[in-house]
Each structure stands twice: as C-alpha cells, then as structure tokens.
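Hi everyone, thanks for coming. I'd like to walk you through one structure today, so let's bring it up on the screen.

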Amino acid sequence: GKQTFTMIKPDAFAKGYTGAILAKIQEAGFRIVALKLTRLTAEKAAAFYAVHRERPFYQSLVEFMSSGPVVAAILEKDNAVEDFRKLIGATDPAKAEEGTIRKLYAESVERNAIHGSDSDENARIESDFFFSALERV
Ligand code: GTP
Ligand code: MG
C-alpha cells in the first residue's frame, strides 16, 4: 500500500517533539498528504483503540490518549505501513531499536510517542476516522 496513518500522541506533543518527529518522518521519505492538530474525546479514543477493549491497559490508554492534543497525519510512500512501523520501533521503547522514533522520544510502553497503522485496511479506516476528503492533498 502507498499510505499509512500516524498520530503523535499526547506525551510527545506536550514535550514539544512534534517538529522533530515530523522532520524525521519526512527525512525517511514519507510525504505528508494530510495533517491536523486536534484532541480526542474519551469516546473517540475508546473507539480508535476498540480492538484493545478487553486488555487490562485499555482504560488507562483511553485516558492517556484523551489527556491532551495529538497530531494526526496521513503519510505516503511505497510500502508505507511496514516501513513506517520500522521507523517508529517496538511498542515498548525499552525494546525499540536505536534511532527509531520511540527509542528517541517515548517514555514508556503506554506513553510511547507515536501511533502507526498495522495494516493497509486499518490505515484506510484510521485515515477516514480523522480526515475528510477535502482535508487531503
Ligand atoms: P499503536 O501504533 O499505538 O497501535 O501501537 P502498537 O501497534 O505498537 O501497539 P498495540 O496496538 O499493541 O497497543 C496500542 C497502544 O496501547 C500502544 O501503543 C500503547 O500506547 C498501549 N499499550 C500497548 N501495550 C501496553 C501495555 O502492556 N501496557 C500499557 N499500559 N499500555 C500498552
Ligand atoms: Mg497497534
């Protein structure tokens, strides 16, 4: 697939990492085709991560994701989903490779700086969750 969806999470936005993270994404060859600073209500965060609703960390994740602004984006590149997951690194920053966005900017397995879609289908669903047609170039 040519596109993926990403979100800079509230921890990284609050620490002022947005510019550095977007620069790293562009340096890795991704083109930004949609971008917005917004906030998730608890209801929207719960819907976005509904696949994890049975997990013990779900309530905490929903509270975290609705605790402050996020930066959502659609990114374009060949093999976008897989290459972007490599760029952000493992879910737990302690296990993430050197130079990955989570290794550089994440605090913990929950407050891990950035989201990346895990499939082409989810990239499309998540992009549509945040962006209308007119908000994309
Ligand atoms: P996303 O790109 O945000 O979807 O992360 P991921 O695909 O690397 O991980 P996953 O989809 O399994 O989990 C979604 C999010 O839930 C993670 O990014 C973390 O913010 C949080 N999370 C995952 N595992 C744990 C955990 O064991 N404990 C806590 N507190 N949070 C977790
Ligand atoms: Mg995931």
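Let me begin with the record: an unreviewed UniProt entry carries the annotation "binding site" for Lys9, Phe57, Arg85, Thr91, Arg102 and Asn112. Please keep in mind that what you see is a predicted model.

You'll find lysine 9 in the loop that joins β1 (3-8) to α1 (10-14). Is lysine 9 buried or exposed? Lysine 9 counts as buried, because 26 C-beta neighbours lie inside 10 Å. Setting aside residues up to four places away in sequence, lysine 9 touches Met65, Val70, Asn112, Ala113, Ile114 and His115.

Arginine 102 is next, and its place is in helix α6 (residues 101-105). Here the count is 24 C-beta neighbours inside 10 Å, so arginine 102 is buried. Beyond its neighbours within four places in sequence, arginine 102 is in contact with Ile88, Gly89, Ala90, Pro93, Ala96, Asn112, Ala113 and Ile114.

Let's move on to the helices, and to α5 (80-88). The buried residues of α5 are Ala80, Val81, Phe84, Leu87 and Ile88. Looking down the axis of α5, these fall within an arc of 125 degrees, so they line one face of the helix. What do the buried residues of α5 pack against? Their partners are β1, β3, α6, β4 and α7. And have a look just after α5, where glycine 89 takes a positive phi of about 90 degrees.

Last one: helix α7, residues 120-130, whose buried residues are Ala123, Glu126 and Ser127. Down the axis of α7, the arc that holds them is 105 degrees, so they too line one face of their helix. On the other side of α7, Glu121 and Asp128 are exposed. As for what covers the buried residues of α7, the list includes β1, β3 (70-76) and α5.

Technical notes: Residues are numbered from 1 along each chain as its sequence is written. Chains are lettered from A and ligands numbered from 1 in the order in which they are written. This is a predicted model: local features need pLDDT of at least 70, side-chain atom pairs count only at pLDDT 80 or more; totals for chains, interfaces and linings use all residues. UniProt positions are given in the numbering used here, feature names are shortened, and annotations may be inferred rather than shown by experiment. Helices (H or I, at least four residues) and strands (E, at least two) are DSSP runs, numbered from the N terminus. A residue is buried if 20 or more other C-beta atoms lie within 10 Å of its own, exposed if 12 or fewer, and partly exposed in between; C-beta atoms are placed from the backbone. Two residues are in contact if their C-beta atoms, placed from the backbone, lie within 7 Å. The arc is that of the directions from the helix axis to the C-beta atoms.
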